[in-house]
Amino acid sequence: MRRSLLVLVAALAACNPKAPHAPAAHSASPSARGPWLRITQSGTPERPLHIWQQLGNRKQYDLIARSYVSNGAQGSTVGTFFDARVTFVARSGRRLFASAPQAIIDEMSNTLTLTGGVHARTDRGMTLTCETLRYDPKTEMMHGEGNVVIGGAHGVHATGDRIDSDVALSRVVLR
């Protein structure tokens, strides 16, 4: 009996895991921002996803979407919103309402890009369509590309390959 008890104790001791080692010191460079993450989220028709960019007490844009996917490390994520509707707000209070299949927010460049065919109209009736439309919150300017068409309530109609404009479509350069 004593021998079988010793064999059992020896067997259990052999199965016992060793004490964990202390974790290695973090050797990442100062530019490392943490682990790479992929985050997905879906809204519902009654409760879509909703985010906004604010500068001081004023919203620069308000984005509503069906779903969201982001990839990247903290400080460098790229988020893609699907079935996006965005309301841009100019300093003057004028608004531009835009929709596109995708809206991409790039945290590194601090830009919002609508892609896949953009349809927009101002609160004064001006319309804009293009393939992509990039908004820069720092300058509060928009840059559109691809089959650009701009129209107005008073019969204004112009086309081009590129457009640079303010949010209100009051200062427009069409090329």
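The model is predicted: local features need pLDDT of at least 70, side-chain atom pairs count only at pLDDT 80 or more, and totals for chains, interfaces and linings use all residues. Residues are numbered from 1 along each chain as its sequence is written, and side-chain values use heavy atoms, without hydrogens and water.

**Positive phi**
- Most residues other than glycine have a negative phi.
- Asp83, not a glycine, has a positive phi of about 55°.
- Asp83 lies in strand 5 (residues 78-89); strands are DSSP runs of E, at least two residues, numbered from the N terminus.
- Asp83 is partly exposed at 42% relative accessible area (buried is under 20%, exposed over 50%, partly exposed in between; 1.4 Å probe, protein chains only).
- Asn147 has a positive phi near 50° and sits in strand 11 (residues 141-151).
- Asn147 is exposed, at 55% relative accessibility.

**Hairpin**
- Strand 2 (residues 49-55) and strand 3 (residues 58-65) run antiparallel, joined by seven bridges; pairing requires at least two DSSP bridges.
- Ile51 stands opposite Leu63 in strand 3.
- Two residues separate the strands of this hairpin, and Gly56 takes a positive phi near 65° there.

**Largest pocket**
- A pocket is an open set of points on a 1 Å grid over the protein atoms alone, where a 1.4 Å probe fits, with protein on both sides within 12 Å along at least five of seven lines; lining residues have an atom within 4 Å of a point.
- The lining includes Ile51, Tyr68, Phe81 and Glu107.
- Strand 2 gives the most to this lining, with three residues.

Note on methods
Helices (H or I, at least four residues) and strands (E, at least two) are DSSP runs, numbered from the N terminus.
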